[in-house]
Amino acid sequence: MAHSDDLTRRMLLKGAAGATALAGLGMPAIVKAQSDVIRIGHLTPVTGFLGPLGEFAQMGVKLAAEEINAAGGVLGRKVELVIEDSVNPQTASAKAERLIERDKVAMIIGEISSASALAIGQVANRTKTVFINTGANSDALRGASCNPFMFHIEAANSMMVTAVGTYLKTENMIKGKKWYSLTADYAFGHDLFRVAKKFVTENGGEFIGEELVPTDATDFSPYLLKIRQAQPDIVASNLAGNQITNFIKQYAEYGLQFPITGFGFDTAVAWGAGKGNFSGIWPLIWHHMVDTPSSKKFVEAFTKKYGKPPENQCWGDYNSLKIVAQSFTEIKAADPQKLAEHLRKGAKFDILKSREGYFRAYDNQMVQEMYAVRAKDSDKMKDQWDIYDPLGSVPSPNEDLEVLAPPKDGTCKMQA
Amino acid sequence: MAFVFLLEQVLNGLLVGAYYLLIALGLSLIFSLGGIVNLSHGAFYAVGAYLAVTLTSRIGFAGAFVASPLLVALLGVVIERLLFRRFYRSDPILSLLLTFGLAMIIEQSLRIIFGAAPLPFSIPTALRGQVFLGSFIYPRYRLIIFGVALAAVIATWFLVYRTAFGRVVRAGVQNPDMVGALGISLQPYMTAIAALGIGLAGLAGVLLAPISGVHPAMGAEILTAAFVVVVIGGLGSFWGVIAAAALVGVVRGLTIYVFPPAGEASMYLLMALVLLLRPRGLLGERIQKFE
């Protein structure tokens, strides 16, 4: 009797465990193969909490492939994408190997999670295949974990911090101010908070609260009450993905008036918050209002194809494929080794910004301009995509681009 | 002074408990009557939220608030008739697999139709703002959620404990064979309870859409907490689920006040503790068919 009583309770517990597993399940792969084409692997999470960004990444890279093929392809061959969901570091690693060994891709573009990017980077290094990271921010990828075949078009955490920090300084929001931060409790958040805290304290700010928030938290109300109790001057987010959406919605709900800023940000999470909820100053690697001819052309083509403006994640994957196509044309071969050499030699590329970008040989980081934006009042929004005003770019036009790049602290040792 | 802030967290925890309750109550109802461990419960919550977003732009939030739970309940009727019904008497592992699959199908369907990115949705202007009680702050909208949850609980209680319908349902929970022997077919009752439970999940979806991200995985995010509440409360116990929801809300709030990184872990610890000290759950009943 007691036995079956026990059984049902165990079933319910299993249910709880199953519910947890549900969040992490992946979708099957999409693989198509043909000969006489240049195959490019695209590997990024489209399920899980980074899924929304991964979807934008796929849109960006597909548009780039279409444009390249419409213009006659590369070296007379069509570009063919092999698109996969990277799911988690183990799957990412296995799929990267399969893309290289079985699908014979010329190189790999993608990733958003720093842990998965590290896994793919290791495969890339071992197989001597170029991997361009389009979404992972951890500084460690550009430091101790760097390797000659892993390139980063995405900004490092320290670049995000410096980009937004520059504007926070001019807005007089750092010096002598009391800061209260909420940080996503995993590797990305810890890394971001470390860099952010260094920047803020070096510039005369002080942290009166540093809270870690579990990634599965959906209700922020206890944190908001603590912030209200602490009465800080600035509230800073080092949160990630959907966490930011929940946080800014509930921050508005509780009516807290302390100015918000954040060091990590993607437009999608603010688009998803809804009218009257988004506030503060935030950094971006690129946004759809960047006013350059190539940027406008991209935004127009993207909006025509997908019916909405491109999110910043689209930018990285779109440009990476364009960079690869241009490089293959310039070196007259679809050769991974030569591609790595070419990129590491500092070839310059139009990346839809006012100045060209290049990968620096020290850590393979794309050296480039970045942006900060300020949330718009909801009554001034033209449509649901019009949520912020550009504050400008960093570094300023007369400064060397390298001032924004991570410090060359010697942690990155490229093997020959 | 610190006491005041602690008290504020306790009261806020009760508000948070109200929305754990909305989801857990339906889960508990469906499990009690049919023995179905409904892993797709979170997915119905997500469907409720997406319906709220879609309908609000057409018929306004008030309309969506009424229509979405009803539509989700209707979906519950279909699911019960076509699927759940076949699994009441079989090994619970089968219904577990069934609802696990159902949850994935619903989540991926939402992803295919609406995309993976969160949909923008806000609290209607009329319901925005905060209420100050002394130095305590409460968003008006959360008080409304609390009120609706309270009303839903009272209505469910009345239905289950004060009507002829409820008597049959409770008898069915205790001994379905005896109910059958008395010439009462349990099937329509099963359908009604599934519709009610799933409809409550839909109601929670509508209520929470304005204050949390509306994205395909939102159901999976909240389902685990709902299961924890049901386990702590005790199987088949109406009051147990209510007590557990309040307890989880308060314990989580206090944990975040003292040691934020353990905020979400606190509810699992609480569950482990309850299971160790009182394996039946807080107010779990002995249910004959599970003995």
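Colleague: How many bridges pair β4 and β5 of chain A?
Modeller: Three, and β4(A) (residues 131-133) pairs with β5(A) in the parallel sense. Strands count as paired if DSSP finds at least two bridges between them. Helices (H or I, at least four residues) and strands (E, at least two) are DSSP runs, numbered from the N terminus. This is a predicted model, where local features need pLDDT of at least 70 and side-chain atom pairs count only at pLDDT 80 or more, while totals for chains, interfaces and linings use all residues. Residues are numbered from 1 along each chain as its sequence is written, and chains are lettered from A and ligands numbered from 1 in the order in which they are written.

Colleague: Which residue in β5(A) is the bridge partner of Phe131(A)?
Modeller: Met150(A).

Colleague: What order do the strands of that open sheet take?
Modeller: The order is β2-β1-β3-β4-β5 in chain A, five strands with parallel pairing. At the edges are β2(A) and β5(A) (150-152), each pairing on one side only. From one strand to the next, the twist averages 25°. Angles here run from 0 to 180 degrees between N-to-C directions, and axes are lines fitted to C-alpha atoms, for helices over the stretch in contact.

Colleague: Which strands does α3(A) lie across?
Modeller: β1 (37-44), β2 and β3 (107-110) of chain A. The helix runs at about 180° to β1(A).

Colleague: And at what angle do α3(A) and α4(A) pack?
Modeller: About 30°, with the axes 8 Å apart. α3(A) covers residues 89-101 and α4(A) covers 114-127. That angle makes the two helices roughly parallel. The cut-offs are under 35 degrees for roughly parallel, over 145 for roughly antiparallel, 65 to 115 for roughly perpendicular, and oblique for the rest.

Colleague: Left-handed or right-handed crossing?
Modeller: α3(A) and α4(A) cross right-handed.

Colleague: Which residues of α3(A) meet α4(A)?
Modeller: Pro89(A), Ala92(A), Ser93(A), Ala96(A), Glu97(A) and Ile100(A). On the α4(A) side, they meet Ala115(A), Ser116(A), Ala119(A), Ile120(A), Val123(A) and Thr127(A). This contact has eight nonpolar, three polar and one charged residue. Nonpolar means Ala, Val, Leu, Ile, Met, Phe, Trp, Tyr, Cys and Pro; charged means Asp, Glu, Lys and Arg; the others, Gly among them, are polar. Contact means C-beta atoms, placed from the backbone, within 7 Å.

Colleague: Buried or exposed?
Modeller: Val87(A) is buried, because 23 C-beta neighbours lie inside 10 Å. Buried takes 20 or more other C-beta atoms within 10 Å, exposed 12 or fewer, and partly exposed is in between.

Colleague: And where does Asn364(A) lie?
Modeller: In the loop between β12 and β13 of chain A. Asn364(A) also has a positive phi, near 65°. Asn364(A) is buried too, with 27 C-beta neighbours inside 10 Å.

Colleague: What pairing does the β11-β12-β13 sheet of chain A have?
Modeller: Antiparallel, in an open sheet of three strands. β11(A) (348-349) and β13(A) (366-367) stand at the edges with a single partner strand each, so one side of each has no neighbour in the sheet. β12(A) (357-359) pairs with β13(A) over two bridges. Phe359(A) stands opposite Met366(A) there.

Colleague: Which peptide bond runs into Pro395(A), and is it cis or trans?
Modeller: The bond from Val394(A) to Pro395(A) is cis, with omega near -10°. Pro395(A) is in the segment after β15 (388-394) of chain A.

Colleague: Last topic, the chain A to chain B contact. How many residues does each chain give?
Modeller: Chain A gives 55 and chain B gives 52. On the chain A side, α1(A) gives the most, with 14 residues. That side divides into 23 nonpolar, 19 polar and 13 charged residues.

Terms used. A crossing is left-handed if the near helix is turned anticlockwise from the far one by less than a right angle, and right-handed if clockwise. Two residues are in contact if their C-beta atoms, placed from the backbone, lie within 7 Å.
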